[in-house]
Amino acid sequence: MHLAFVTSLVPDGSPSTGYEIANAAIISALRRRGVRVSVVGFVRPGKRPADPENTIVLGALDPATGNATALQKVHWLATAIGAGLTFSSAKLRIVTDDAFRQALASLGNFDGYVLNAVQMTAAFEASLRDRPAIYVAHNVEHISARESADAADGAIERFLFAREAKLLKQIERRLCAQARFVFTLADADRHALGVSQRGRSAVLPLVTRETPPPPVRNRQRKYGAALVGTWTWQPNRIGLDWFLNEVVPHLDPAFTIEIAGAIPAGLVSRHSNVRFAGRVADAAEFVAGAGVVPLVSRAGTGVQLKTIETFELGLPAVATRSSVRGISMIPGNCVVTDDPAKFAAAMQKLAADKNADTDGSAFFRAQLAGLDKAMDKGLRALGRIRSRQAA
């Protein structure tokens, strides 16, 4: 079976977001099942595709809103309103429909699509209806947009997120109805998207690496806690704000906190024990320098890749309930609570326990086995459709 994996960003060998880590895991799972995968999408400026022989690059694109100029943001918004697109899909309209179809035609004969997330699929929706498809819903995007609207500070921002939520709900309904099979990253998302019927969907457990993590031994704890994330993404920002405003005040002022990743302009902390580290070369190495990893999601859907990575590494963690959504195997060194005071107390207790590390390889193996088993379900559904069409 030959499938075109249609995605906004093609893998470049150095994933920097949870979305990119998830993409790499899904593509690897498809190939482990014997599928020939051709990836079609954009590449970040200055990057090259990790697998150029099996990748069609439509152009260079930095989709991060925070990195765009004011003029670029206005252009994206005008494109979105003029074409009836979401803001995130409008960013991808730097090639025409004809150019996109020509790129697909250059693959020759292929059996179907893997439509990876709503953004790219919605940008070129009319060109992706000629073959059977599997839809991968990384999140229930209309719910995330509605939560972002509720949390927005200004009327304009609230209006724009509300517009996104309305459009996304319609788009997600269409994509799920048209897809022959739907993958989600959390079981609750199957119900939210209306595809919980038997044979219509499955949950993809994810991993963040190709091989089991090495055992953690005698690691040096340089700071009390470490967080990594793309904090410019509104659902992540909601969790970070909760942590800084509700949890940190309960911590000992001497308890140090390092926060890595893209930070929204103007974000500061009034607490002297919090430091923003910016982007780090190796996220796993960064969090391994902490006594405990706070997992602070308070909004969004899908699964938290930073939670999976923490569990794979065997690091002690304190997590909100939202941070462990979609994960059935919670390690014994993870405390789950939404109470800020209890969250802070658990952080300090785990950070002080030198024996709190565990072997994360069992979690990794369970996730990998679940991923391959779920992938088989989707491919069987797509294969049955393909066989009937050939007959």
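Buried means under 20% relative accessible area, exposed means over 50%, and partly exposed lies in between (1.4 Å probe, protein chains only). This is a predicted model: local features need pLDDT of at least 70, side-chain atom pairs count only at pLDDT 80 or more, and totals for chains, interfaces and linings use all residues. Residues are numbered from 1 along each chain as its sequence is written, and side-chain values use heavy atoms, with hydrogens and water left out.

**View 1**
A disulfide is a covalent bond between the sulfur atoms of two cysteines. Here the term stands for a pair of cysteine sulfur atoms within 2.5 Å. The structure has zero disulfides.

**View 2. Asn116 sits in strand β4 (residues 112-116).**
Strands (E, at least two residues) and helices (H or I, at least four) are DSSP runs, numbered from the N terminus. Asn116 is buried, at 0% relative accessibility. Contact means heavy atoms within 4.5 Å. Beyond its neighbours within four places in sequence, Asn116 contacts several residues, including Phe5, Tyr19, Ile26 and His138. Asn23 is also among them. The C-alpha atoms of Asn116 and Asn23 are separated by 8.0 Å, and the two residues are 93 residues apart along the chain.

**View 3. Six strands form an open sheet with parallel pairing.**
The order is β10-β9-β8-β11-β12-β13. At the edges lie β10 (274-278) and β13 (334-336), each pairing on one side only. From one strand to the next, the twist averages 25°. Two strands pair if DSSP finds at least two bridges between them. Strands β8 (residues 223-228) and β9 (residues 257-260) run parallel, joined by four bridges. Ala226 has Glu258 in β9 as its bridge partner.

**View 4. Helix α9 (residues 234-247) packs on the sheet.**
Helix α9 touches β8, β9, β10 and β11 (290-295). Its direction makes about 165° with that of β9. Axes are lines fitted to C-alpha atoms, for helices over the stretch in contact, and angles run from 0 to 180 degrees between N-to-C directions.
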